[in-house]
Amino acid sequence: MKKNIAALIAGLLFGLGLAISQMTNPAKVLNFLDITGTWDPTLAFVMGGALLVTLISFRFILKQDRPLFEGQFHLPTRSDIDGRLLGGAALFGIGWGLAGYCPGPGVAALVMGIWQPALFVAGLLVGMWGFRRLPA
Amino acid sequence: MTIVNFTPWAGLIGGLLIGASASLLLWLNGRIAGISGIVAGATVEPGGDRAWRWLFLAGLLGGAALAFWLVPGSQAFQSDMPWPVFLVAGLIVGFGTRLGSGCTSGHGVCGLGRLSPRSLASVATFMATGVLTVFVIRHLLGVGA
């Protein structure tokens, strides 16, 4: 129960952050990526602001033996940089640059009640499902 | 290059909130606030604990709704792309983030936050292909520039 409430509150803060910084507006993201044209540096401040917090807080949090509401930390354990990591990131960047949405803002923008975010999230789910169907 | 619509304060405040969210989720639940992973875990991934993921996503929607209501102008939506592009972009992002184990939040905010070399490689790669894609669309094809 406690961890579900924690997740809800964390989600709330995340949604607030994405919407206040207007990452839910595709033009702000595409203009960030358009460094040779109409550049909008805002996204660097969003990422910078978030990293300002996590770079400090994670050092302290990960020194604990375990999280407060769970038995252990659930962290990625791999450290090798392979083709799947880079190929996946390359594909993700292409999709990101096409519409101006990454998963967080795409999902958050659903509350705008317009078609584009809904189509993006529909595609997102089908793409994730398709990946699951592939033989490992 | 011309700088347009730059909103550093709103960006910084939003970023601090996102950092606070990621810190809270790691501190309390020991989980990485990676949205692509959370969406996949709530839907297409078999097994695992789905409840917290759905609640996180419900919070994400609630938080966005709250911000749109409280902050005038935050609900702006500007795009030159026809709707099928959003569907195709979603497909590519969905597949790519599973193949590459994360997106802007998991690799960006959280992975860089814990100084993961894999995340640094991922962020550098998706930033590069993102910039390249926008360059091709706007400046080579001349769409939406």
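A few conventions come first. The model is predicted, so local features need pLDDT of at least 70 and side-chain atom pairs count only at pLDDT 80 or more, while totals for chains, interfaces and linings use all residues. Residues are numbered from 1 along each chain as its sequence is written, and chains are lettered from A and ligands numbered from 1 in the order in which they are written.

I begin with chain B. It contains 6 helices and 1 strand; helices (H or I, at least four residues) and strands (E, at least two) are DSSP runs numbered from the N terminus. Along the sequence, the pattern of chain B is β-α-α-α-α-α-α. Its C-alpha atoms fill a box of roughly 45 × 35 × 30 Å along the principal axes. Of the 145 residues in chain B, 58% are buried. A residue is buried if 20 or more other C-beta atoms lie within 10 Å of its own, exposed if 12 or fewer, and partly exposed in between, with C-beta atoms placed from the backbone.

Now to the interface. Chain A contributes 108 residues to the contact and chain B contributes 106; two residues are in contact if their C-beta atoms, placed from the backbone, lie within 7 Å. On the chain B side, strand 1 (2-3) and helices 1 to 6 each supply at least two residues. Which element of chain B gives the most to this side? Helix 1 does, with 21 residues. By class, the side of chain B that touches chain A has 65 nonpolar, 36 polar and 5 charged residues. Here Ala, Val, Leu, Ile, Met, Phe, Trp, Tyr, Cys and Pro count as nonpolar, Asp, Glu, Lys and Arg as charged, and the others, Gly among them, as polar.

The two chains also share strand pairing. Strand 1 (residues 38-39) of chain A pairs with strand 1 of chain B in the parallel sense over 2 bridges, where pairing requires that DSSP finds at least two bridges between the strands. Thr2(B) is the bridge partner of Thr38(A).

I turn to helix 4 (residues 83-99) of chain A. Its axis comes within 7 Å of that of helix 6 of chain B, and the two cross at roughly 35°. Axes are lines fitted to C-alpha atoms, for helices over the stretch in contact, and angles run from 0 to 180 degrees between N-to-C directions. Among the residues making this contact are Ala89(A), Gly93(A) and Trp96(A) from helix 4 of chain A, and Ala121(B), Phe126(B) and Thr133(B) from helix 6 of chain B. This helix contact has 13 nonpolar, 7 polar and 1 charged residues.

Arg84(A) also lies in helix 4 of chain A. Why does Arg84(A) count as exposed? It does so because it has 12 C-beta neighbours inside 10 Å. Leaving aside residues up to four places away in sequence, Arg84(A) touches Leu99(B) and Gly100(B).

Helix 2 (residues 26-33) of chain A, in turn, is mostly covered, with 8 of its 8 residues buried. These buried residues pack against strand 1, helix 3 (42-61) and helix 4 of chain A together with helix 6 of chain B.

Finally, the largest nonpolar core has 86 residues, of which Ala10(A) and Ala89(B) touch the most other members. Such a core is a set of buried Ala, Val, Leu, Ile, Met, Phe, Trp, Tyr and Cys residues joined through C-beta atoms within 7 Å. Helix 1 of chain B provides the largest share of this core, 12 residues. Ala89(B) touches residues of chain A including Gly95(A), Leu98(A) and Phe120(A).
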